[in-house]
Amino acid sequence: MATDIIIPSDLWDGDEECVITAWLASDTAQVTEGALIAEIMTAKVQYEILAPASGTLSIAKAQDEVAAKGDVIGVVS
């Protein structure tokens, strides 16, 4: 079963977009639920993205790409 990795809509107010500053796991890597897998940056604050499930990571948006709240940036299957 695939689980989407979604930019949370409740982390910050104001800015609607962020930048994926780093993927800490590579595409097709095995990840464990709760592991730190990415970092995103708004205009003022950096946030950590944790794996929502255990499995194989598939990256949908690359490092340095802009993402909006609610965007799917990857999948764990």
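Predicted model: local features only at pLDDT ≥ 70, side-chain atom pairs only at ≥ 80, totals over all residues.
1. The secondary structure of the protein chain consists of eight strands and zero helices, and read from the N terminus the elements follow one another as β-β-β-β-β-β-β-β. With a radius of gyration of 12 Å, close to the 11 Å that the globule rule gives for 77 residues, the protein chain is as compact as a globular protein of that length.

2. The C-alpha trace of the protein chain spans about 35 × 20 × 20 Å along its principal axes. Among the contacts in the protein chain with a separation of 6 or more, 56% are between residues 24 or more positions apart.

3. Thr-28, which lies in the loop between strand E2 (17-23) and strand E3 (30-31), is a residue other than glycine with a positive phi, near 75°. The relative accessible area of Thr-28 is 56%, and Thr-28 is therefore exposed, the cut-off being over 50%.

4. Asp-64 is likewise not a glycine, yet has a positive phi of about 75°, and its place is in the loop between strand E6 (55-59) and strand E7 (66-68). At 59% relative accessibility, Asp-64 also counts as exposed.

Methods:
Residues numbered from 1 in each chain as written. Heavy atoms only, no water. Helix = DSSP H or I, 4+ residues; strand = E, 2+ residues; numbered from the N terminus. Rg over C-alpha atoms; globule rule 2.2 N^0.38 Å. Contact = heavy atoms within 4.5 Å. Buried < 20%, exposed > 50% of the residue type's maximum accessible area, 1.4 Å probe, protein only.
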